[in-house]
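Let's take a walk through a protein fold together. Have the structure open beside you and turn it around as you read.

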Amino acid sequence: MLSNDRMGIASFRFQQVTDNTKMSFGAEEHGDWRPHTGCKCPFRTKKLTELWLIEVPVAHPVVRGASAVLAIPLAPVVLASKLIFSPTTPTLNIVAHLAIECKYRCSECGNVDYYTFEFSGAGKESRCGRYENISRLKSSSREMTLDDLYHIFLRTWPSATASDYNSLTKNCQHFATDMWAKI
Ligand SMILES: [Zn+2]
């Protein structure tokens, strides 16, 4: 069994949080989410200049067994440093939210902006804007428009809704890695 020491993580004080807030709250707060307005030109005129799989810090403290925090066993995409081992259950509580972020330039008006795609307790979301506090895990140089990326987003878990969110089996990390695999 892995211990906190083996994982190189300082011991963590677990606290119970009664507010069972959806995942996106912690990500928006700790990831410093900034909504942007963007231009009103069609998605097909917006050419991606950057494309990333990003990691956003999520709220502390870790909550055991609650849906407020992601908890998936042995998630392959998460770095060991992001895992916190619960002393009472064989579950690795993950304190990171994953999403897809792109930067684009509009060929019609020249506007440069960001768009973010993700899945959380709020369901699937595609929004103009970005998290300011992130780590970029992977990048893609594939040429595409925001319209192309938006269609990849639509094709990823096409019928998923907020009620499908499950911190163990169907969370932001599963969604972001599935969407990334189509890019
Ligand atoms: Zn434009």
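Below is a short tour, from the overall layout to the sheet, the helices and the core.

## The big picture

First things first: this is a predicted model. The protein has 4 helices and 9 strands. If you start at the N terminus and read along, the elements go α-α-β-β-β-β-β-β-β-β-β-α-α.

Of the 183 residues, 31% count as buried. Now look at contacts between residues with a separation of 6 or more: 78% of them join residues 24 or more positions apart.

## The sheet

Six strands make up an open sheet, in the order β1-β8-β7-β6-β2-β9, and they pair in the antiparallel sense. At the edges you'll find β1 (33-35) and β9 (135-139), each with a single partner strand, so one side of each has no neighbour in the sheet. Ignoring direction, neighbouring strands are turned by 45 degrees against each other on average.

Let's zoom in on β6 (96-106). How much of β6 is buried? It is mostly covered, with 9 of its 11 residues buried. On one side, β6 pairs with β2 (46-57) over 11 bridges, antiparallel, and I54 has A99 as its bridge partner there.

β6 and β7 form a hairpin with 5 residues between them, and G110 in the turn has a positive phi of about 85 degrees. Moving on, β7 pairs with β8 (123-131) in the antiparallel sense over 6 bridges, and Y115 has C128 in β8 as its bridge partner.

## Two helices against the sheet

Helix α3 (146-155) packs on the sheet, where it touches β2, β6, β7 and β8, and its direction makes about 45 degrees with that of β2. Which residues of α3 are buried? They are L146, L149 and F153. These three cover an arc of only 65 degrees around the axis, which puts them on the same side of α3.

What covers the buried residues of α3 includes β2, β6, β7, β8 and α4. The face of α3 turned away from its buried side carries L154 and R155, which are exposed. After α3 comes W157, with a positive phi near 50 degrees.

Helix α4 (172-181) lies across β2, β6, β7 and β9, running at about 40 degrees to β6. Its buried residues are C172, Q173, F175, A176, M179 and W180. They span an arc of only 165 degrees around the axis, and therefore sit on the same side of α4.

In soluble globular proteins, nonpolar side chains tend to be buried together. Here, the largest nonpolar core has 28 residues, and those with the most contacts inside it are L53, I54, V56, A99, I100, A176 and M179. At least two residues of this core come from each of β2, β6, β7, α3 and α4. Which element gives the largest share? That's β6, with 7 residues.

Leaving out residues up to four places away in sequence, A99 touches I54, V56, T116, F117, E118, C172 and A176. Two of these have come up already: I54 is the bridge partner of A99, and A176 is one of the buried residues of α4.

Conventions: Residues are numbered from 1 along each chain as its sequence is written. This is a predicted model: local features need pLDDT of at least 70, side-chain atom pairs count only at pLDDT 80 or more; totals for chains, interfaces and linings use all residues. A residue is buried if 20 or more other C-beta atoms lie within 10 Å of its own, exposed if 12 or fewer, and partly exposed in between; C-beta atoms are placed from the backbone. The arc is that of the directions from the helix axis to the C-beta atoms. A nonpolar core is a set of buried Ala, Val, Leu, Ile, Met, Phe, Trp, Tyr and Cys residues joined through C-beta atoms within 7 Å. Two residues are in contact if their C-beta atoms, placed from the backbone, lie within 7 Å. Two strands pair if DSSP finds at least two bridges between them. Axes are lines fitted to C-alpha atoms, for helices over the stretch in contact, and angles run from 0 to 180 degrees between N-to-C directions.
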